[in-house]
Amino acid sequence: MKKVFISFILLSISTVVFAQNVDNQVLKQTILYEDYGNYLQNSLYEGKYILRWNKAYFPIKVYVEPALDVPVYYSDSFLKALKIWQNNLGKIAVFKLVTESEGADISVFLVNKDNSMPQNCINGNTEIACVEPVIKKQKLKKMYIKMYKKDNENKFYSPNLVLNTAVHELGHALGIMGHSNDPNSIMFNAKISQLEQMQPIINTEDITTLKLLYMTQPDITNNDKNKEKRNIDADTMFSTLSEKHDSVVLNAINEARVLKEDSSAFLRLAYIYQGMHDYDDMLKYLKLAKENAKTQEELYNAYIGFSSYYTDKDNTVKAVWYLVRAHLSKNKKLVFMVE
């Protein structure tokens with residue numbers, strides 16, 4: 001009887017392990033064969049941990065402090081930002097507004113300038129807002145979003161800046177612990193002046209990054225991580241993305257060779273090399289993209305690429321200059337400026 005019982009236990013364990021392996025393989029194939037542009041590698045907490053909310057305990061409860069001594073668009077912007085994320089994410093993440101901070105997963109507070117931002121802010125720009133994760137014993141207890149009420153000149157921020165900031169910070173609070181490399185992404189680490197001019201649009205890479213994040217077994221989450229089903233372990237996820245990345249690079253190189261004078265093909269290669277932090281090759285293919293631009297749109301995209309390059313190189317003057325060139329290139333005549 002003992003042998004039968006032991007055999008049954010071993011069979012049960014083997015069945016669970018087999019099922020997990022099958023799940024991993026199915027998810028791996030999904031990642032390989034779908035078109036996933038993402039910045040998951042940039043999204044790790046402290047550069048190494050998957051931190052996110054537990055899907056088994058959705059909805060994510062969100063509290064937004066009412067606007068009392070600030071314009072009403074402050075709190076309204078966070079409510080609108082929440083809807084923007086929900087409309088784009090579908091079932092990837094589900095939210096619920098609550099009326100009290102106690103018990104909320106994400107709490108939004110508006111603070112005065114005399115309150116310095118916490119030391120453990122996970123985003124780089126603390127001039128206007130900050131996301132503070134509260135972690136105890138490898139458990140995610142809460143996310144605080146804190147935003148200043150006024151700027152350094154004691155003026156209220158503009159409605160567009162508040163909305164874009166709200167969308168950006170909620171992206172962090174969902175688990176994106178870093179930034180996109182794409183200057184057109186709302187999750188790009190933009191300067192305040194850039195952020196104010198942006199549109200509160202969540203792009204495909206933002207959505208895909210969160211989709212992959214919530215497919216991956218978390219290291220830090222708000223409850224029992226084993227309650228979730230159909231996750232892929234982080235090692236398999238990153239090895240699969242690496243495998244796909246190698247394939248994408250090879251395909252892009254072959255495409256550029258075949259098309260030869262196609263600006264878009266060169267630009268795709270430039271962004272791929274940016275993702276690899278190979279800035280010499282990025283610059284090489286940006287130049288080829290510009291030289292082969294035949295339309296206003298292609299020239300515009302090439303200049304945006306240069307702006308992204310110089311942003312990564314911390315050359316703000318050139319980054320802004322190429323952004324200006326990009327907008328000038330959208331005039332009726334192509335504007336080819338001297339390099």
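The lining of the second largest pocket in this predicted model divides into 12 nonpolar, 16 polar and 4 charged residues, where Ala, Val, Leu, Ile, Met, Phe, Trp, Tyr, Cys and Pro count as nonpolar, Asp, Glu, Lys and Arg as charged, and the others, Gly among them, as polar. The volume of this pocket is about 850 Å³, a pocket being an open set of points on a 1 Å grid over the protein atoms alone, where a 1.4 Å probe fits and protein lies on both sides within 12 Å along at least five of seven lines, with lining residues having an atom within 4 Å of a point; grid points are joined across faces, edges and corners, and the volume is the space filled by probe spheres set on the points. Among the 32 lining residues, Pro183, Phe188, Ala190, Lys191 and Gln194 are the closest to the pocket centre. Two or more lining residues are given by each of helix 4 (192-197), helix 9 (296-312) and helix 10 (316-328), and helix 9 supplies the largest share, 6 residues; helices (H or I, at least four residues) and strands (E, at least two) are DSSP runs numbered from the N terminus.

Residues are numbered from 1 along each chain as its sequence is written. Because the model is predicted, local features need pLDDT of at least 70 and side-chain atom pairs count only at pLDDT 80 or more, whereas totals for chains, interfaces and linings use all residues, and side-chain values use heavy atoms, with hydrogens and water left out.

Helix 9 also packs against helix 10, their axes coming within 8 Å and crossing at roughly 170°, where axes are lines fitted to C-alpha atoms, for helices over the stretch in contact, and angles run from 0 to 180 degrees between N-to-C directions. Helix 9 and helix 10 are therefore roughly antiparallel, angles over 145 degrees counting as roughly antiparallel and those under 35 degrees as roughly parallel. In this pair, Tyr300, Tyr303, Ile304, Phe306, Ser307, Tyr310 and Thr311 of helix 9 meet Lys318, Ala319, Tyr322, Leu323, Arg325, Ala326 and His327 of helix 10, contact meaning heavy atoms within 4.5 Å. The contact of helix 9 with helix 10 comprises 9 nonpolar, 3 polar and 2 charged residues.

The axes of helix 7 (residues 263-275) and helix 9 come within 10 Å and cross at roughly 15°, which makes helix 7 roughly parallel to helix 9. The crossing of helix 7 and helix 9 is left-handed, that is, the near helix is turned anticlockwise from the far one by less than a right angle. Residues of helix 7 in this contact include Leu267 and Tyr271, and those of helix 9 include Ile304 and Ser308. The residues of the contact of helix 7 with helix 8 divide into 11 nonpolar, 2 polar and 1 charged.

Two backbone features were also identified. The peptide bond from phenylalanine 58 to proline 59 is cis, with omega near 5°, and proline 59 is found in the loop between helix 1 (2-33) and strand 1 (60-64). Lysine 137, a residue other than glycine, has a positive phi near 55° and is placed in the loop between strand 4 (129-136) and strand 5 (139-148).

Note on methods: Parallel < 35°, antiparallel > 145°, perpendicular 65-115°, else oblique.
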